[in-house]
Amino acid sequence: MKIRAVKKEEYDYTEIFVGEVFKNTGHTDGEYEKAWLKKIREKQYYIPELDLVIEEEGKIIGHFVLSKFPISKKYENDVLMLSPVSVAINKQRQGVGKYMLREGIKFAANLGYKGIVVEGDFRYYRRFGFRTSSEFGINASKKNLPPSEKYLMVMELCENGLKNISGEVDYSMYK
């Protein structure tokens, strides 16, 4: 497996890839996640070098994006959002997601970011060191509450990285 940044000519392909992966979860038709990725790429928070794919034998088998994420309209140069995260259906539960997230976390830490916020399956993300965001004073906006508080998580990328960062997670800048 090899990790690398997405090329501009792969944007359409990766958007379709994300849509197809999410469609197969049974929780969504994948169109929201496909549009979400496109919106992220159009905003000032997008970081091309953190829009990453995993390749195996020249074929994309995984994709994820880390983008700048303001907490309460502040800290956009300190905190990243991890979303969306996709692994090809036939490659799930084979270590692809684990590999790509570990590498992406290293990239983000090496670039000097202090933390990452993610909304998703807490059973999965806790394996990487994510913790419930409210432990850090970071909470979901009432505009976009997750199914439960435990689904909104953060990870510090350096010691005490989130110590002086608190506020609200609001995705409205992508609407």
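Helix α1 covers residues 11-23, and its 13 residues should span 18 Å at 1.5 Å a residue; the end C-alpha atoms are 18 Å apart, so the two agree. The expected span is 1.5 Å times one less than the number of residues. Helices here are DSSP runs of H or I with at least four residues, strands are runs of E with at least two, and both are numbered from the N terminus.

This is a predicted model, where local features need pLDDT of at least 70 and side-chain atom pairs count only at pLDDT 80 or more, while totals for chains, interfaces and linings use all residues. Residues are numbered from 1 along each chain as its sequence is written, and side-chain values use heavy atoms, leaving out hydrogens and water.

Let's look at what sits around α1. Its buried residues (under 20% relative accessible area, 1.4 Å probe, protein chains only) include Tyr-11, Phe-17 and Phe-22. Their cover includes α2, β2, β3 and β4.

Now to the sheet. Seven strands make an open, mixed sheet in the order β1-β2-β3-β4-β5-β8-β6, with β1 (2-5) and β6 (131-132) at the edges, each pairing on one side only. Pairing requires at least two DSSP bridges; β2 and β3 are antiparallel over six bridges.

| Helix | Strands touched | Angle with β4 |
|---|---|---|
| α1 | β2, β3, β4 | about 70° |
| α2 | β2, β3, β4 | about 145° |

Finally, Asp-51 lies in β2 and counts as buried because its relative accessibility is 0%. Among the residues that Asp-51 touches, not counting those up to four places away in sequence, are Tyr-11, Arg-41 and His-63.

Definitions and conventions. Buried < 20%, exposed > 50% of the residue type's maximum accessible area, 1.4 Å probe, protein only. Contact = heavy atoms within 4.5 Å. Axes fitted to C-alpha atoms, helices over the stretch in contact; angles between N-to-C directions.
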